[in-house]
Amino acid sequence: GRDLPPLCLDVRQKQRMSIYALPQELKAPFPPEPSLPIRTKTVKDFQDDVEKSKASGDWKAVHNFYSTTFDSFLEINAAFKKDTDAPFNTIEDSGIDAKFVNVVYDALLNTPQDVQKSVLKGIINGLLQEWTGPRTKDDLRAYCILLQNPQFSNTSTYVIYAHLLRQIAALTEADHHFLVHWSKKISQKRFKQVVDRLLQFISLRLFPAKPEEFPPMVKCTWWIPSATKVLALFNAANSLIRPPIISYTDFYNSTLDHIDLMEEYHNWQCYGNSHRFSFCQYPFIISIAAKKVIIQRDSEQQMISIARQSLVDKVSRRQKPDMNMLFLNVKVRRTHLVSDSLDELARKKADLKKKLKVTFVGEAGLDMGGLTKEWFLLLIRQIFHPDYGMFTYHKDSHCHWFSSFKCDNYSEFRLVGALMGLAVYNSITLDIRFPPCCYKKLLSPPIVPCDHNTLVGICGVTLDDLFQIMPELAHGLSELLSYEGNVEEDFYSTFQVFQEEFGVIKSYNLKPNGDKIPVTNRNRKEYVQLYVDFLLNKSIYKQFAAFYYGFHSVCASYALLLLRPEEVEILVCGSPELDMSALQRSTQYEGYQKTDLTIRYFWDVVLGLSLDLQKKLLHFATGSDRVPVGGMADLNFKISKSETSTNWLPVAHTCFNQLCLPPYKNKKELKQKLIIGISNAEGFGLE
């Protein structure tokens, strides 16, 4: 068969183009719909036929219905179109009788094999039809209905399923536009079933349980691209709904965690929007764990490249190489942590993409990872303290937001951005409580623009975004929108807002001459939108721009194009959900067996601790109280036997996520020593 046309725009181009934009083709006249056969069977008639067949064992009537209905696209429309005389050529209504479709498909898998085979035979007939000219809306309706067929969960139907997917993938952008909008009307249960079916199809084509069931891969290279393209349509439909029909994580295909992701990433980088397929063109299908691997490998390659260049430069100048030149060495005093860190990172801008190593002045600790974790923890704690004034903590939403106070130097905001970038780059999780809107702004755009006059960190914001930061203010604005009285007379507001800065009330116009424009019932939506945009974009532009450039000075990578804002948050902060039972299952032991009395005492104590103490234990043993992307198993936590007196406290090697535990004689003593240890765990020394 001939090759499919390009299946997807390059992700880089997708930043500027939208699948939802109405294409030019839609402005052309619709092709005429052929007249449909008259079919009068109702849901009740069909259900009665099925019940009679079950009772009598005679499936002739049901067989006739299925074989006729699925024999062609016209027959599918005749059976399932709500009104055969109506055109239904808008995106708002597909015209499909969803209840009838669901009843027919629910009954199908419980019918005899000859009935099920007749359906597949009819689908083959429909797919083999010679197409001339553009598809009609009846054709699109048939595709929409056929995609929901539960028979395609069976691998024996995959050859037919693949050809169905190929035809849908090859439709015009205008036809895809209709399918996206029609798909969002499918019930959550059916929508999830279609998505799961597509994911299973991709997984089993990549790693077939019985390879002999399928044609050789070389003869069906179009299977996976076609399925992924169709899956992209459902992902687009899911994104149109608020809240979405299913979670974005339901589109992840964990099978892809086991393929050569870096080859996929390099293919995407090298070939971009070409005929060469890469899963990176469709990042929604790649799990956050797989994306983390791509980002880590990309970071490592950048680190090696920059370290190698430093070494070459030294040798070319006939200078003696020094191991320290291969690292970003940060030396700070605990008493001047923020100022020292700011100075070090400002002086060593060229080294930001080297492996990070931290030294605390006057302490003997060697950084094998533990000092780096502590440096991040203490620095974040100081910078986000309310007295520091950079960020405002909102108690109602339990999150920080940028202070809108004007200042002469925004370099400390750049430092916080660089810190977040260094954390992602060095695979460290941070305890930062930014709202989701922050990560959306951080990816606006995901690649730093070449033109420095281009605005950065500006994204479309809504009242929902404000609810996540300032719920009380957002609630007040929501009340304004729904107020049924006279807004102008009762609220007496203008397009002007006020903010307190260092004890002084300052006013800002939301639009030119805003102080002279009253807020009315007619313009209140505009007022709310401008107010939200002012709070989340304009009033903090310089602060956020510095933060944006700081983050991207370390994390500049095309890999960021693969990430959703929610995924950036997980990479930066890890998960706050502690599952100590999962940690127990994945813990390794050295000198102990998991059945030893001391170990049993330990887990009895830990599982009974408060959440605050459990976090302290995690911080004591690993240097962070956050769970990494891969969950507790990714910590590689180890408990080693300490051949010391039981009078000693436990000792931790945070570089290796290792806890050294003396063989305490009873549970009470173990609990007492453990709580003392984890509650007094700041600073490093050498044994």
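Among contacts in the chain between residues at least 6 apart in sequence, what percentage join residues at least 24 apart? The figure is 73%. The model behind that number is predicted.

Start with the whole chain. The secondary structure comprises 27 helices and 10 strands. The C-alpha trace spans about 90 × 75 × 60 Å along its principal axes. There are 687 residues, and 50% of them count as buried. The accessible surface is about 33,600 Å². Carbon and sulfur atoms account for 53% of that surface.

Next, charge. The chain carries 80 positive and 76 negative side chains. The centres of these two sets lie 4 Å apart. Salt bridges number 24. Several of them are followed below.

Go now to helix H7, residues 137-146. How many of its residues are buried? The count is 10 of 10, so helix H7 is largely enclosed by the rest of the structure. The buried set includes Leu140, Ala142, Tyr143, Cys144, Ile145 and Leu146.

The side chains of aspartate 138 and arginine 141 meet at 2.8 Å, N to O. The two residues sit three apart in helix H7, about one turn of the helix. Aspartate 138 and arginine 141 are both buried.

Setting aside neighbours within four places in sequence, asparagine 77 contacts Leu36, Thr84, Asp138, Asp139, Arg141 and Ala142. Both Asp138 and Arg141, the salt-bridge partners, are on that list.

Lysine 348 forms a salt bridge with glutamate 344, and their closest N and O atoms are 3.2 Å apart. Lysine 348 and glutamate 344 are both buried.

Now take a bridge between two helices. The side chains of lysine 667 and aspartate 604 meet at 3.6 Å, N to O. Lysine 667 lies in helix H27 (residues 667-679) and aspartate 604 in helix H25 (residues 597-608), so the pair ties together parts that are 63 residues apart in sequence. Are these side chains buried or partly exposed? Lysine 667 has a relative accessibility of 38%, so this residue counts as partly exposed. Aspartate 604 has 46% and is likewise partly exposed. Buried would require a value under 20%, and exposed a value over 50%.

UniProt, in an unreviewed entry, places the feature "active site" at Cys655. Where is cysteine 655 found? Cysteine 655 is in the loop between strand E9 (651-653) and strand E10 (658-661). Its relative accessible area is 24%, so cysteine 655 is partly exposed.

How values were computed
Residues are numbered from 1 along each chain as its sequence is written. This is a predicted model: local features need pLDDT of at least 70, side-chain atom pairs count only at pLDDT 80 or more; totals for chains, interfaces and linings use all residues. Side-chain values use heavy atoms; hydrogens and water are left out. Helices (H or I, at least four residues) and strands (E, at least two) are DSSP runs, numbered from the N terminus. Buried means under 20% relative accessible area, exposed over 50%, partly exposed in between (1.4 Å probe, protein chains only). Contact means heavy atoms within 4.5 Å. Accessible areas come from the Shrake-Rupley method with a 1.4 Å probe; for residues, only the protein chains shown count as cover. Lys and Arg count as positive and Asp and Glu as negative; His and the chain ends are not counted. The place of a charge is taken as NZ of Lys, CZ of Arg, CG of Asp or CD of Glu. UniProt positions are given in the numbering used here, feature names are shortened, and annotations may be inferred rather than shown by experiment. A salt bridge is a side-chain nitrogen of Lys or Arg within 4 Å of a carboxyl oxygen of Asp or Glu.
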